[in-house]
Structures are given as structure tokens and as C-alpha cells.
Amino acid sequence: MGNIHSYNKDIIILALETSCDETAAAIVKNGTDVLSSVVVSQIDIHSEFGGVVPEIASREHIAACDIVVDKALKEASLQLKDIDFLAVTYGPGLVGALLTGVSFMKALSYSSNKKLIPVNHIHGHIFANFLNDKKPSLPFICLVASGGHSHIVIVNQDLTYKIVGRTVDDAAGEAFDKAARVLGLSYPGGPNLSKLAMNGNPNAIELPNPKLDSPYDFSFSGLKTAFINAVHKLEQNNKIINKDDFAASFEEKVSEILVSKTIKAALDNNLNQLCVAGGVSANRRLREKFEQRCKQENITLYLPNLLYCTDNAAMIGAAAYFEAKKNNFANLNLNAVPNLKI
Ligand code: KG4
Ligand code: ZN
């Protein structure tokens, strides 16, 4: 298989994602067209434990990898021989979960004699923005907000990444999940909290503004503690907790922090294209706020399709295309890197 630059034909990539609790396979053409996307979620299995149990996640991935790959090929009406390259998430994530996907794809690469592209899960989230009809061009600024990460990143012209801001404690998704748990909502709490928030008053509960040295960094742990204390205070006084109001106030505060810091980073760096990525990018209020503020500031906004906000393999296939362009292929020594950096 030659260099991707020498191809005058479409490049079809089969991607696999197993970094956390979703086993997903997808087939993506030229980094932008999703021919199929299959996601098998383990949420029901983990929710009874209140969070992801790593050992169970690995076992479930082992059982599901070949099923999702077969299904992705069938849904795209393709066979393995029609695939140009294979791609797999090799980090960051749970080591056992990552290893199942990496081992599966290394075996498939060896047996099919197809090159394997190693993909960083966070790059995948960012490249979910290329699966829309309206695509960003380089360079752009991107907020990555997921269960394990909160970063403001500049994606440069040469596809290198510069981190402008990061969380100093919890990730935004983690904060949503913890606040949801205090309200008695099941895992993963973010989407459930957001549903309650639709009927609540976003100004009902006063929450603090975290103080940080860098204007682009995030801190959610103080916010979370203030939220927990406010709930407990009502409980101790046997007062009724209006969960809708609590959910709406928390969602409003977190969204405001994420939006205002990302917009500031875009303006300060003279970037007029802004992307949002990661599971939290599915949040209704966050999307609304970005739309309002980007319009005010004349910044072009890109939001991933709701199908590709949370973990999926189509985004891995999109990022893989750009890695292949950089000639970044793995050999059979590829290992899982649980703490892989952006
Ligand atoms: O990107 P993702 O699927 O997995 C990671 O790579 O971490 O993100 C999952 C996170 C969870 O914390 C989940 O609660 C949050 O994204 N999330 C949301 C929403 N949908 C998913 N948070 C707030 N509102 C949502 N609608
Ligand atoms: Zn993710």
C-alpha cells in the first residue's frame, strides 16, 4: 500500500473505537463521508455500578469487536477487500479497553495486509467536525469537553495542536456526571441532568465563579462542591429540592464558563473559526450559547452532528484520514497509551 498522496481515488477507512464503554466501528470515505457507523453501548451494564467498571468494559469489547466490524461492512455494502486502510484508537482511555481494539486491529491488519492508522481519541472528537456538510478549514480553535478532558486547543495549519487552556481539576463531563449523581440521576448523568434542566430556572441557584491564574483554564471542582453543599443544606432542613432548578442552574453555569473562555481564546488568538468537540458538545444549552455568542462576535461556529458528539468510530475514521496524509502508520508493536496527550 503506497503513500496516500499518490492516490487519485477515494480513500476508504475502517475504524474501530474501544477506549471506554462504547464498542464502535465505522467506514469513512476521504475523512468526511460516513458510509456506516455502528455503536454498541455498554451503558446499561455499567449504570447499575454508577460508572464504568474497567474489567467489565474490556470483556464486553472483546465480545463485540468482530460484531461491530462485520455490521459496519454490511451496512456500507462493502467487503474487507474494498477497504484501503484500518484505523484504531490507541489512547487516551482505559488500558484494557484500548488493548482489545488495538489487538483486534493489529490482527486484522496482519491477516489482511492492510496498513493500520493509530488515532488519538481526542483528535477523533475534534475531527467529528469534518463529518458535517459545513467543514472548518485550518487553523481553528476547538473546545474539547468530554468525560475525561476539558481543553481549549488551536489546530494549526500543519495539523499540529497547541493547548491554550485546560482544566486544573475535573473535566466538564465529569462535573456534569457528579452533579447528576447528587440529584439521584443515573449514569451517565450529563444527558439526564440536561433533560431536567429544560424545565428549570437557570438563575435559581447561585454558584461561584472559579478563580484561576489563566483566563483560558477551567476548574469545576469548587462549583461541584458548592452544588453538593446547596443540595445537602436543603436536605438537612427537610426542604423540597427543585431538581429542575438545580439542574438548569448547574448547566447554565458550566456552559457559560466553557463558552466565555473559548470565545476569549478565539478572539485573543485572532481565530474566527470555532469548533466544539467531545460528549459535552451534545449539550443543548451549550450549543445554544455558542450559537448566540459566535454570532455576536462574528466567529464561524462548527458543532458536531449529535450522532458524533459522544464516542463513536466515524470520528476516528475522520481523524485517521488526516493521519494517513501525514504518512502516520503503525507497525505491529503498536500499544495502548492510556494517558496519551493531545
Ligand atoms: O466524549 P465522551 O462520549 O466520552 C469521553 O471521551 O469521555 O463524553 C462523555 C461525557 C459524559 O461525562 C457525559 O455525561 C457527557 O459527556 N455528556 C453530556 C451530554 N451528553 C454527554 N453532558 C452534558 N449534556 C449532554 N447532553
Ligand atoms: Zn470520547
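**Zinc site.** I looked up the zinc ion (ligand 2) in this predicted model. Its protein donors are H121 (NE2), H125 (NE2) and D311 (OD), at 2.0 to 2.1 Å. I counted as donors N, O and S atoms within 2.8 Å of the metal (3.2 Å for Na, K and Ca); water is not among the atoms, so sites may look incomplete. I wrote the donor spacing in sequence as H-x3-H-x185-D. H121 sits in helix α4, while D311 is in the loop between β10 (300–302) and α10 (314–325). That pair links distant parts of the chain, 190 residues apart. Helices (H or I, at least four residues) and strands (E, at least two) are DSSP runs, numbered from the N terminus.

**Conventions.** I number residues from 1 along each chain as its sequence is written, and I letter chains from A and number ligands from 1 in the order written. Local features need pLDDT of at least 70, side-chain atom pairs count only at pLDDT 80 or more, totals for chains, interfaces and linings use all residues, and side-chain values use heavy atoms, with hydrogens and water left out.

**Ligand 1, shell.** Which residues are closest to ligand 1? I found H125, G147, D177, G279 and N283, out of 17 that surround ligand 1. A residue is near if one of its heavy atoms lies within 4 Å. By class, I list 4 nonpolar, 11 polar and 2 charged residues in the shell. Here Ala, Val, Leu, Ile, Met, Phe, Trp, Tyr, Cys and Pro count as nonpolar, Asp, Glu, Lys and Arg as charged, and the others, Gly among them, as polar.

**Ligand 1, contacts.** I checked polar contacts (pairs of N or O atoms within 3.5 Å). Oxygen atoms of ligand 1 lie 2.8 Å from a polar backbone atom of G147, 3.2 Å from one of G190 and 3.1 Å from one of D311. The protein covers 87% of the 550 Å² of accessible area that ligand 1 has on its own (Shrake-Rupley, 1.4 Å probe). Helices α4 (121–127), α5 (172–182) and α6 (189–197) each give two or more residues to the shell. α5 gives the most, with 3.

**Backbone.** Most residues other than glycine have a negative phi, and most peptide bonds are trans. I noted these exceptions. The bond from L138 to P139 is cis, with omega near 0°; P139 is in the loop between α4 and β6 (140–145). The bond from Y187 to P188 is also cis, with omega near -10°, and P188 is in the loop between α5 and α6. S77 is not a glycine, yet has a positive phi of about 55°. I place S77 in the loop between α2 (54–75) and β4 (85–91).

Conventions:
Polar contact = N/O pair within 3.5 Å; in protein donor to acceptor, adjacent residues only side chain to side chain.
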